[in-house]
Amino acid sequence: MPMMNRRLLMLGAAALTTKAVAPWRASMAQTPAGPFTLPPLPYAPNANEAAIDAMTMEIHHARHHGAQVAGLNTAVQNQPQLAAMQLDELLMRLSQVPEAIRTAVRNNGGGHANHSMFWEIMGGQGGEPAGDLKAAIDRDLGGMEKFRTDFNAGGMRVFGSGWVFVTVTPAGALAITTRPGQDTPLMDGARVLMGNDVWEHAYYLRYQNRRADYLASWWNVLNWEKIAARYAAARDGTLRV
Ligand code: MN
C-alpha cells in the first residue's frame, strides 16, 4: 500500500475512534471545545410535534445551533478577555469586540443566545399564562388574543431570516419587537422574555413557505411555566439569555 494511503487510513481510523466528537463537529476538528457549549435539548426531539417535527428539531439544534456555538468559540479563541465573558455581556458590548471578529461574534453569539432561549420556552402544551405574566400581557400587549395576533404579524413582517421577540424590562414591562438575522435585543441592552425563530430552517420541512401556519402552530408547544420563570428572573435581575 502506498505510504500516503496508509497515512490517510490511519488518520481516518483515529478520527473514528476519537471519543465524544458530536456529529456537527466531525468536520470541524480544529474548533475549540469551549468556552461556549451547546445546551442539550431539555426534552425529546419529538416533544414539539404539535408544531415542529422531530427531524427539524434535531437538525436545527445539533447542526444550526451547534455550528453557531462552534463559530463563536472559533471567533474568541485568541481573545481570552472575550472568552471569559458571559454571553449576554459579550452581546451587550459588541462595539468593544475587535472589528476583525465582530461580525462572527454578532452572528454566532446572537444565534447561540437566541436558540438557547428558544429551546427553553418550548416543550409545553400551549394554553395561556397565569399570574403576574398574564397581568403584564393584559396591561402591555392588550391581552392574549391581541398579543398572539401582533406577535405573529411581527413574525410575518421579518423579511428573509430573523426573529420576533417579546422584550421585558426590570420593571416587568413587555413589548413585541423583531430583529434580522441572528440579532437579539440583548445587543441593545434589553432582555428577552421569549421569541420565535422565523428562519426557514425552523419550519421548512413541514410548512415549506407557509410561515403563517408555523407561527400559528408554535403557540401549541409553549411552556408557560418556563416563560413565567423567565419573567420572574427578569424582574429579579437574574435573567441572562
Ligand atoms: Mn434557527
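## Exercises on a predicted model

Helix H7 spans residues 144-157, 14 residues in total, and runs 20 Å from its first C-alpha to its last, close to the 20 Å expected at 1.5 Å a residue. The expected span is 1.5 Å times one less than the number of residues, and helices are DSSP runs of H or I with at least four residues, numbered from the N terminus, while strands are runs of E with at least two.

Before you start, note that this is a predicted model, where local features need pLDDT of at least 70, side-chain atom pairs count only at pLDDT 80 or more, and totals for chains, interfaces and linings use all residues. Residues are numbered from 1 along each chain as its sequence is written, and side-chain values use heavy atoms, with hydrogens and water left out.

### Exercise 1: the setting

Work out how many helices and strands the chain has, and in what pattern they come.

Step 1. The chain holds ten helices and three strands.

Step 2. Along the sequence they read α-α-α-α-α-α-α-β-β-β-α-α-α.

Step 3. Of the 241 residues, 45% are buried; buried means under 20% relative accessible area, exposed over 50%, and partly exposed in between, with a 1.4 Å probe and protein chains only.

Step 4. Take the contacts (heavy atoms within 4.5 Å) between residues at least 6 apart in sequence: 71% of them join residues at least 24 apart.

### Exercise 2: the aromatic cluster

Classify the ring pairs of Trp218 with Phe118 and with Trp219.

Step 1. Rings of Phe, Tyr and Trp (its six-membered ring) pair if their centres lie within 6.5 Å; planes under 30 degrees apart count as stacked, over 60 as edge-to-face and the rest as tilted. This gives eleven aromatic pairs.

Step 2. Phe118 and Trp218 are stacked, because their centres are 6.5 Å apart and their planes are at 10°.

Step 3. Trp218 and Trp219 are edge-to-face, with 5.7 Å centre to centre and 75° between the planes.

Step 4. Check burial: Phe118 has 1% relative accessibility, Trp218 has 0% and Trp219 has 5%, and each counts as buried.

Step 5. One aromatic cluster is formed by Phe118, Trp119, Phe147, Phe151, Trp163, Phe165, Trp218 and Trp219.

### Exercise 3: two backbone details

Locate the cis peptide bond and the positive phi of Gln208.

Step 1. The bond from Gly34 to Pro35 is cis, with omega near 5°. Pro35 lies in the loop between helix H1 (3-17) and helix H2 (54-75).

Step 2. Gln208 has phi near 45°, and its place is in the loop between helix H8 (204-207) and H9.
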